[in-house]
Amino acid sequence: MSTNILALDVATHCGWATATASGVWDLSIKRDESSGMRLIRFKAKLLEILTLENIGLVAFERTSGMHKHAIITQSELHGVLKSTLEERNIPYVAYSATEIKKFATGKGNAGKPVMIQAAKDKLGYSGADDNEADALWIYQLCKSLIN
């Protein structure tokens, strides 16, 4: 029996991918909302897809980056993710950006356009969003390592 995988590129524009679909969740804070609304939106989307897709494993990109605000946001979202998964006994794995990029392109320092193009060339991706393309690659990397 195969495990249903959810892959996430965790950020305010959160890329996600499963065996049946992929996309981007916009977790942006709206006018007059607290910053905690991003976390509430993320948890709601996460719970919905965990249930709908009967997810048994979650893969995501580890926190990294150079911009303090982005690292803080990503770390907060990772906290929500891990807490939610622990509560539901769903295992998870995290990969570095370098691991994901090397798997996708052969180069651990590939830029966003290269990652998108690789997803188009190798996965049949027809979109243009780097978050979704990254989620697709995280999905493929995880799938390759558990099979």
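Select Trp16, Trp25 and Phe42: together they form one aromatic cluster. Rings of Phe, Tyr and Trp (its six-membered ring) pair if their centres lie within 6.5 Å; planes under 30 degrees apart count as stacked, over 60 as edge-to-face and the rest as tilted. By this rule the count comes to four aromatic pairs. Tryptophan 16 and tryptophan 25 make a stacked one, 5.9 Å centre to centre with 20° between the planes. Tryptophan 16 is buried, at a relative accessible area of 13%. Tryptophan 25 is buried as well, at 8%. Buried means under 20% relative accessible area, exposed over 50%, and partly exposed in between (1.4 Å probe, protein chains only).

A note before moving on. This is a predicted model, where local features need pLDDT of at least 70, side-chain atom pairs count only at pLDDT 80 or more, and totals for chains, interfaces and linings use all residues. Residues are numbered from 1 along each chain as its sequence is written, and side-chain values use heavy atoms, with hydrogens and water left out.

**Next stop: H3 and H5**

Select phenylalanine 103 and tryptophan 137. Their ring centres are 6.0 Å apart and their planes stand at 75°, so this pair is edge-to-face. Phenylalanine 103 sits in helix H3 (residues 97–105) and tryptophan 137 in helix H5 (residues 130–146), 34 residues apart. Helices (H or I, at least four residues) and strands (E, at least two) are DSSP runs, numbered from the N terminus. Phenylalanine 103 is partly exposed at 35%, while tryptophan 137 is buried at 4%.

At the contact (heavy atoms within 4.5 Å), Glu99, Ile100, Phe103 and Ala104 of H3 meet Trp137, Ile138, Gln140, Leu141 and Ser144 of H5.

Arginine 62 lies in the loop between E4 and H2 and glutamate 99 in helix H3, so the pair ties together parts 37 residues apart in sequence. A salt bridge is a side-chain nitrogen of Lys or Arg within 4 Å of a carboxyl oxygen of Asp or Glu. The structure holds five.

Select lysine 112 and aspartate 130 for another, at 3.2 Å, N to O. Lysine 112 is exposed at 53%; aspartate 130 is buried at 17%.

**Aspartate 9**

Move to aspartate 9, in strand E1 (residues 5–9). Aspartate 9 is buried yet has no salt bridge; lysine 112, the nearest side chain of opposite charge, is 6.6 Å away. Lys and Arg count as positive and Asp and Glu as negative; His and the chain ends are not counted. Among the residues that aspartate 9 touches, beyond four places in sequence, are Cys14, Glu61 and Asp130.

**Last stop: two loops**

Select asparagine 54, in the loop between helix H1 (36–52) and strand E4 (57–61). Its phi is near 50°, a positive value in a residue other than glycine. Then select asparagine 89, in the loop between helix H2 (68–87) and strand E5 (92–95). Asparagine 89 has a positive phi of about 55°. Asparagine 54 is exposed at 56%, and asparagine 89 is exposed at 68%.
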